[in-house]
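Work through the exercises below with the model open beside you. Each task is followed by a stepwise solution.

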Amino acid sequence: MKKKIDFEKLTKFIKSRNFFIAACVFVLTISIIGFSYASFFTVKTNTNNQTVTTGTLAVSYSGESSAITKNNMQSISDEMGINQNEASVVYIQNTGSLDSTFTLNVGYDMENFLGRSGYSETDMLTPLDYIKIAVYEYNGINDETLIVGPITIADLPIYSVNSSDSRYNRYAILFDTVGSTTSGNATKTYKIKMWLSDKAIPSASYSYFYVDTQIVAEVENAKMNYNFTGTLTDTGGTPLSGATISLQNKSLVATTGDDGSFTLNGIYPGVYNLDITYNNVTYSGNLTVEEGIANSLESMGSTFNGSSTTSIYSVADTYKTTLSKIMNKNSLNTYADAVTFVDGTTYSLAPTYKFIGGATADVNGLSIVLDTTNNNFTMSL
């Protein structure tokens, strides 16, 4: 049975689109006709670069034009998503005398979603599994470098959790710093693209793609950042050369040498996706980095016990992993929002480690052992 677009509701939305300037807000109404998607999509941004001040950071949001409208939009492939021209631009300027660390994060824009005329708590937001994002370092026309993605929001580590309503959770895209006003590198510019994944299925019908990005200044002065030096071997101790080790969706990448050695520089505190690719196979986990008084490395665990009262969001936050890793590791073929756990059942976790660092930036002797048979890896220091 074919479903029709609710044009009355859609019209209310179009007439009331006075968007909050301090966010890159993306709105998508999805309707399924047979097996194809028909939708209305709009991005409203500010061409005057209105500035929002966060601590010593002045953050501006702008776009290719003041309003971008797409009609009859379909879910698209990653290739089409990154090749689209429409994007939002985030311009960050440090207005203070000290270096500043910041986080770019993303999540549902609930304040403005529920504030729109004609929308209610019962309206379904597009599942995070289907919202794709790509982030570029941007230095002007035809000068951009892909640093994150394409990736779904469900693949991003949780940045903050709202225990009463998971829709208010935020997900970390990247961690970075800008220099002081006297450093000569007091600005950063990113271009952000979002689209509906081609993995979206008909049950996403009548959901709303309502997402924003935020910049959060962590501290005025730059946090400690660490440089990891180590080796990658197989379970027999043989060095693995030519493998890539990446943190946070390839924003930091190292390639192992003939002796399996690698170095990753400039790792700030945060929760990172950790991916190791060897012989065209990727082994995925997470690494949490925290400041402390001495270097230590511990596993967050390989399993957890299920409970019908536990949400996938609390599991991801507790074990510092991602929604998609929990789903994939346990063959949970559903939206993240719909995942439920069974009392007394043991569930698997992807490799997840926490590093607590001391006052020295250089960390030597990190060992990663790749288990190609069981699609796993272990880490030690």
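The model is predicted.

**Exercise 1. Burial of an aromatic residue**

Task: Classify Tyr319 as buried, partly exposed or exposed.

Solution. Step 1: take the relative accessibility, which is 21% for Tyr319. Step 2: apply the cut-offs; buried means under 20%, and exposed means over 50%. Step 3: Tyr319 therefore counts as partly exposed.

**Exercise 2. Ring geometry**

Task: Which class of pair do the rings of Phe304 and Tyr319 form?

Solution. A pair of aromatic rings is described by the distance of the centres and the angle of the planes. Step 2: find the pairs. The whole structure holds nine aromatic pairs. Step 3: read off the values for this one. The centres of Phe304 and Tyr319 are 5.9 Å apart, and the planes stand at 35 degrees, so the pair is tilted. Phe304 sits in strand β21 (residues 303–305) and Tyr319 in helix α4 (residues 312–319), 15 residues apart.

Task: Repeat this for Phe304 and Tyr347, then state the burial of both.

Solution. Step 1: the centre-to-centre distance is 5.4 Å, with 20 degrees between the planes. Step 2: planes under 30 degrees apart count as stacked, and the Phe304–Tyr347 pair is stacked. Step 3: Phe304 belongs to β21 and Tyr347 to strand β22 (residues 346–348), so this pair ties together parts 43 residues apart in sequence. Step 4: Phe304 has 4% relative accessibility and counts as buried. Tyr347, at 8%, also counts as buried. Step 5: widen the view. Phe304, Tyr319, Phe341 and Tyr347 form one aromatic cluster.

**Exercise 3. The largest pocket**

Task: What is the volume of the largest pocket, and which element gives the most to its lining?

Solution. Step 2: its lining has 22 residues, and the closest to the centre are Asp275, Thr282, Tyr283, Ser284 and Lys325. Step 4: α5 gives the most, with four residues. Six residues are nonpolar, eleven polar and five charged.

**Exercise 4. Backbone exceptions**

Solution. Most residues other than glycine have a negative phi, and most peptide bonds are trans. Step 2: the bond joining Gly149 and Pro150 is cis, with omega about 0 degrees. Pro150 lies in strand β9. Step 3: Asn279 has a positive phi of about 50 degrees. Asn279 sits in the loop between β18 and β19 and, at 60% relative accessibility, counts as exposed. Step 4: Asn375 has a positive phi of about 50 degrees. Its loop runs between β24 (362–371) and β25. At 42% relative accessibility, Asn375 counts as partly exposed.

How values were computed: Residues numbered from 1 in each chain as written. Predicted model: local features only at pLDDT ≥ 70, side-chain atom pairs only at ≥ 80, totals over all residues. Heavy atoms only, no water. 1 Å grid on protein atoms, 1.4 Å probe; cavity = no way out; pocket = protein on both sides within 12 Å on 5 of 7 lines; lining within 4 Å. Helix = DSSP H or I, 4+ residues; strand = E, 2+ residues; numbered from the N terminus. Nonpolar A, V, L, I, M, F, W, Y, C, P; charged D, E, K, R; others polar. Phe/Tyr/Trp six-rings, centres within 6.5 Å; stacked < 30°, edge-to-face > 60°. Buried < 20%, exposed > 50% of the residue type's maximum accessible area, 1.4 Å probe, protein only.
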